[in-house]
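I opened this one with my notebook beside me, and here is what I looked up, in the order I looked.

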Amino acid sequence: MGWVADSQQVQIEARYRDFTVPDVGDDATDSDIIKVQRDIYGGIDAGNSAMIDVTAGSDTTIDAGLVEVLIS
Ligand SMILES: [Ca+2]
């Protein structure tokens, strides 16, 4: 059975971290994750990538920028 090309999305959950602003600067180093939900389980945020076309034999890199949230 061969590989079937598909479209996928990466979701990241981050505890006590905040997502940086996506798509700022060079795509090789910027974050590709957009925060979609805050405090889903108390202190955990979720962020998604765009939909990614996945094909056999190709590599895809998704960058995620996170910063520590300081609680005072
Ligand atoms: Ca990037």
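Ground rules first. I am working with a predicted model, where local features need pLDDT of at least 70, side-chain atom pairs count only at pLDDT 80 or more, and totals for chains, interfaces and linings use all residues. I number residues from 1 along each chain as its sequence is written.

Whole chain. I find 0 helices and 7 strands, taking both as DSSP runs numbered from the N terminus (helices H or I, at least four residues; strands E, at least two). The chain has a radius of gyration of 15 Å, well over the 11 Å of the globule rule for 72 residues, so it is more spread out than a compact globule. That radius is taken over C-alpha atoms, and the rule is 2.2 Å times the number of residues to the power 0.38. I note that 7% of the 72 residues count as buried, meaning 20 or more other C-beta atoms, placed from the backbone, within 10 Å of the residue's own.

I count strands as paired when DSSP finds at least two bridges between them. Strand β2 (residues 11-15) runs antiparallel to β5, with 5 bridges, and A14 sits opposite D45. Strand β4 (residues 34-37) is also antiparallel to β5, through 3 bridges; there I34 has N48 as its bridge partner.

The turn. I see β4 and β5 making a hairpin with 6 residues between them, and D39 in the turn has a positive phi of about 55°.

How values were computed
Buried ≥ 20, exposed ≤ 12 C-beta atoms within 10 Å, placed from the backbone.
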